[in-house]
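Please keep the sequence and the 3D view open while reading.

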Amino acid sequence: AKLIILDVHFPKERVGDEILRETLARHPGRVVLMSNFVEDQTIDGGTISRYEEPSSSLLTPGVAVGFANFWRQEDGIVRSAPFRAT
């Protein structure tokens, strides 16, 4: 494979992470793990945004991190996907 993309989010450390980490380490430069921009509700009814990275138990040299969000337009339809966000 030229590139392996895991469209699964691993935000917390779990049993078996060491096996996945070893597997990812065997493919440096060919793996992208998913991260996510999340909006949480606040107690006063507002929202707060945060960036949720993959678990540090999976990050190894040569593993890239990308985000997998798709933001909807005001009418609820997704018409485009940005390649980067700040």
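Two strands pair if DSSP finds at least two bridges between them. Strands (E, at least two residues) and helices (H or I, at least four) are DSSP runs, numbered from the N terminus. This is a predicted model, in which local features need pLDDT of at least 70 and side-chain atom pairs count only at pLDDT 80 or more, while totals for chains, interfaces and linings use all residues. Residues are numbered from 1 along each chain as its sequence is written, and side-chain values use heavy atoms, with hydrogens and water left out.

**Strand pairing**

- Strand β2 covers residues 31–41 and pairs with β4 in the parallel sense over 5 bridges.
- In that pairing, V31 has V63 in β4 as its bridge partner.
- Strand β1 (residues 4–6) also runs parallel to β2, joined by 3 bridges; here I5 is partnered with V32 in β2.
- Strand β3 (residues 47–52) pairs with β2 in the antiparallel sense over 6 bridges, and S49 in β3 is the bridge partner of E39.
- β2 and β3 form a hairpin with 5 residues between them. In the turn, G45 has a positive phi of about 90°.

**V63**

- V63 is in strand β4 and counts as buried, because its relative accessibility is 13% (buried means under 20% relative accessible area, exposed over 50%, partly exposed in between; 1.4 Å probe, protein chains only).
- Neighbours within four places in sequence aside, V63 is in contact (heavy atoms within 4.5 Å) with L24, V31 and L33.
- The C-alpha atoms of V63 and G29 are 6.1 Å apart, with 34 residues of sequence separation.

- V65 lies in strand β4, residues 63–67, and is partly exposed, with a relative accessible area of 38%.
- In a regular strand the side chains alternate between the two faces of the sheet.
- Y51, L59 and V65 make a nonpolar surface patch of about 230 Å².
- Patches are made of residues with over 30% relative accessible area and no salt bridge, with like charges joined within 9 Å and nonpolar side chains (Val, Leu, Ile, Met, Phe, Trp, Tyr) within 5 Å.
- A salt bridge is a side-chain nitrogen of Lys or Arg within 4 Å of a carboxyl oxygen of Asp or Glu.

**N36**

- N36 is placed in strand β2.
- Not counting residues up to four places away in sequence, N36 touches H9, R50, Y51, E52 and N69.
- The side chains of N36 and N69 are joined by a polar contact of 3.1 Å.
- A polar contact is a pair of N or O atoms within 3.5 Å; within protein, one must be able to donate a hydrogen and the other to accept it, and residues adjacent in sequence count only if both atoms are side-chain atoms.

Note on methods:
Accessible areas come from the Shrake-Rupley method with a 1.4 Å probe; for residues, only the protein chains shown count as cover.
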